[in-house]
Amino acid sequence: MVNPAHPALQAVDRETSLVDAVTCPGCGLLCDDITIARSGSSLEVTNISCPKSTAFFRQASQNTSIPRVAGQPATLESAIRRAADLLGKASQPMIAGLATDVYGMRAVLELAELTGATLDHMNSEAAMRNIYAVQNTGWHTCTLTEVRNRADFVLIVGGDIVSRYPRFFERIVWNNESMFGQDTAARDIVYLGGPQLDTAAGISPRNIKPTVIPCDNCDLPQVVAALLALVHGGELQTNNVAGIPLAELQHVATRLAAAKYSVIAWAAADFDFPHAELTIQQIAELIAHLNHTTRCSGLPLGGSDGDITAAQVSSWISGYPVRNSYRRSYPEYDPYRFSTSAQLNTQEADALMWISTLDPLRTPPLTSLPTVVIGHPGMQFAHEPEVFIPVGIPGVDHAGIMFRSDSVVALPLRKLRESPLPSLRQVLDGISAELGALAC
Amino acid sequence: MLIKLTGGKVYDPAHNIDGKVMDIFIRDGRIVDQPRDHEPVTQEYDLRGKVVMAGAIDMHTHIGGGKVNIARMMLPEDHRGDPEAHSEFCRAGCGHAVPSTLTTGYRYAEMGYTAGFEPAVLPVNARQAHLEMADTPIIDKGGYAMLGSDDFLLRMLTAKKDQNAINDYVAWTLHASQAIGIKVVNPGGISAFKFNQRFLDLDENNPYYHVTPRDILKVLSRAVYELGIPKPLHVHGNNLGVPGNVETTLKTMGAAEGYPLHLTHIQFHSYGTEGDRKFSSGAAAIAEALNKHKNISADVGQIMFGQTVTCSGDNMSQHRNAGHGHPRKAVVMDIECDAGCGVVPFKYKDENFVNALQWAIGLEIFLLAEDPWRMFLTTDHPNGAPFTSYPHLIRLLMDKSFRDDAFGRLNLDAQAMSTLSSIDREYSLYEIAIMTRAGAAKLLGLHDRGHLGGGAAADITVYTENTDREKMFSTPNYVFKDGELVVKNGKIVKVTWGSTHTVKPEFDRGIEKDLKKYFDTYHTMNMEHFKVSADEIADNSRGRVIVQECKGRREKTA
């Protein structure tokens, strides 16, 4: 076993085969209790059962690749030169994807400023739903440890959570011990929305089944609006909403009001219907209302593929989360115009740099624009980009820092193996140097 | 390399120098008393007719960490009005209420400030605070770690653990969060809010732990003292913004039982309940108590009129204030059974009775408190106003007729409730230098900052004397950071990165056994990952951790 002291900063001893206290970037929960068995460059999770974590480390174990220019093997230097050339000649480059860690994201912002680029994250369609809610109304939220120790009622809206965050229940709902002596197995769980969910994870250790109130997610706007009205004490002139008997919603409203500390959790990716931000705002309003008399917090789940990390770093350096642009020499923000799809569809952008260091399956959107991909060494393309530069995976090939789902906890990622691959930061710094370093 | 600053009028209160014309020599980033024999002057600046002070130090400014970044994220409309374009020396960003990190550093330096301290570092969020401060150029920085509503401490108090164990935990927290001081925010109140309590007065029990704010203040102020940490416990008291809280504040001064205590943004805690609107100034009583209690220091948290945003660890108060948001939005968070935060945009208006009186109360406190060594110039950036309003605030303090004119524009009912126009005091340059330099460095234990004596770091600001003090303090002629010229005529000419000041008191590491078990049982992160290492701050050699001296562990107590 390796001493976990300052894990982010120590290269792991080559002789050891087991590494514990590893942070897993496989989803936004960033569980940091993973033990990895390492043999050569192959990595296997040994101590927990999580499909995301297992897949993340298995994908990382695949053979590394080398840079390519126009489909032909190239040296790192020549690939960097070609990428710089392509970006430098573009009048409006788009840097998108942005699945990386804090250090990678800092380098992205520097390069964006140097090239006058527009920025967007691969998960923004979902993540912006939450960001709009923050920018328009705000919200009451809490963090994972708070749920783990305090929640007596968890209302899950729009999905099963565990498909995206597999250890959600294991780590923060069905934990054995809690700070304030709560009987955690007695936690009250309600699923609202999402058709045909697998709600097995919501069954308590004492085999108490959760309440499941299914509906199509495109009906969530009216269902949540009805729940908000009921929480406000309103009377609705109907006996069902989107097929849900009103009495069932009334029962949820009553339990929310009676709970000492309820948590309303959702993954914005499940809210795949137009203007979902308005439904999130209604949830925020519902939570705000409950907080006049009791305590209730939202738990917006995100953070996968570095989406929270990108928004955090971009906010402190530019002032804006993502969908911002340096085209005018100062940062601007336009969440509609600066989206990847708008930039590509309108051909406002004339070159694309796609960054995807965590998941090889997240390849760039189909486009005729000249494209540079900097990403996971296991990436494969239906359409070969002009330049592909494989880089190290944060938390595997090099140390790093990522933000967890709750936007509060930033966890160190550690280097798990020796790697011939450069980090994203090194590659972007190389491109910046080619283009003439920024004054700073 | 020897730099000579020739013939400036020097204000260096740490050495009782009050406007004396003298030369200053800088060698390798440090001030030296005299050049060596025959040592040539590499560069000379003719400062005849100029005013010379140490670089200013903002001892309470929210520049990094979760709540600040939430404020950035939620206020695109505010950023749009103040873009900072990419220039020869500076990277792009945005300014005003919550500037981007890069712009924060540039604008502080352009105002003659060479250090700023983030007063509310949640230990669980310390990594983020340091990441943001690392991206804040030129100025030195540091943070105060927040304790007092964290479950571990409250548990210790309930269990009546001995003071030495508490000292060990406090010291461990300072190490883990790379902080220079300890702050307590609404002691016990952030926790109480999570148990649905809405107010918590000094002698009221937290509903779960049966611990009072007074208990918390007592053990923490004592821990800070016994660990030899120079910076007194930084206290954001109970009942922020509540009319009548002046009584709580006066009692809080007594709660320290003689241990040093710093009451921060005291303006927000100096409200009475007199008058038709049951809102009045408690400034006279506060100033009188400050004058009497030599163990107490304070900063004001002056408000200025205009748009800003309030970012606080005090989620109990911020939840109460959420309805006053302008624009109407608020983020309130419960965080990791450790702390909380609340972010509410706010617009202070001079025609509004309460806001106008808040403005007057702040100035009354500044002017009635006698000892500038125990009084600090802050707006609690950005809560009272953005830090860029400091030159205006300095003019209000130094220029009575300017102040009276401003007072005359206030809401008339507020004017009737304030004694401000009857106060004649005008701060001198020497007193301003105490509040913003020598006093701040002394309070924080920055032994080589805030003064111009031999051995000090050459953080130096040079101004042109001007009766319009706002103009004078807005655009220094020169700012030197560690001996390098970084600002000329109010504009950046070189970008450096500054250091992070910390303290590392000794403690019994046996406490980690308990903490490890505690983290493994209740938390969602590994204890080792909770700790921020000095290497992280030094990333790419751009940052540097400076460990300021603690005067040794004082006697253990039985």
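The C-alpha centres of domain 1 and domain 2 of chain A lie 36 Å apart. Domain 1 of chain A covers 68-123 + 305-396 + 420-435 and domain 2 covers 132-300, with bounds that come from an automatic or database domain assignment. This is a predicted model, in which local features need pLDDT of at least 70 and side-chain atom pairs count only at pLDDT 80 or more, while totals for chains, interfaces and linings use all residues. Residues are numbered from 1 along each chain as its sequence is written, and chains are lettered from A and ligands numbered from 1 in the order in which they are written.

**The sheet of chain A**

- Nine strands of chain A form an open sheet of mixed pairing, in the order β5-β4-β20-β19-β18-β6-β7-β16-β17.
- Its edge strands are β5 (72-73) and β17 (332-333) of chain A, each of which pairs on one side only.
- Helices (H or I, at least four residues) and strands (E, at least two) are DSSP runs numbered from the N terminus, and two strands pair if DSSP finds at least two bridges between them.
- β6(A) and β18(A) run parallel and are joined by five bridges; A:Ala99 has A:Ser356 of β18(A) as its bridge partner.
- β18(A) is also joined to β19(A) by five bridges, again in parallel, and A:Trp354 has A:Val373 of β19(A) as its bridge partner.
- β19 (residues 371-375) and β20 (residues 387-390) of chain A pair in the parallel sense over four bridges, with A:Gly375 opposite A:Pro390.

- A residue is buried if 20 or more other C-beta atoms, placed from the backbone, lie within 10 Å of its own, exposed if 12 or fewer, and partly exposed in between.
- A:Ala351, A:Met353 and A:Ile355 point one way from β18(A), and A:Leu352, A:Trp354 and A:Ser356 point the other way.
- Helix α2 (residues 76-89) of chain A lies across β4, β6, β18, β19 and β20 of chain A, at about 130° to β20(A).
- Helix α3 (residues 102-115) of chain A lies across β6, β7 and β18 of chain A, at about 175° to β6(A).
- Axes are lines fitted to C-alpha atoms, for helices over the stretch in contact, and angles run from 0 to 180 degrees between N-to-C directions.

**Chain A against chain B**

- 60 residues of chain A are in contact with 52 residues of chain B, where contact puts the C-beta atoms, placed from the backbone, within 7 Å.
- Elements giving two or more residues to this side of chain A include α3, α4 (124-136), β8 (138-142) and β22 (410-413) of chain A.
- β8(A) runs parallel to β18 (residues 330-335) of chain B, and five bridges join them; A:His140 has B:Val332 as its bridge partner.

**The hairpin of β21(A) and β22(A)**

- β21 (residues 400-403) of chain A and β22(A) run antiparallel, joined by four bridges, and A:Gly400 has A:Leu413 as its bridge partner.
- The hairpin has six residues between the strands, and A:Ser407 takes a positive phi near 65°.
- A:Ala410 and A:Pro412 point one way from β22(A), A:Leu411 and A:Leu413 the other way, and all are buried.

Definitions and conventions:
Two residues are in contact if their C-beta atoms, placed from the backbone, lie within 7 Å.
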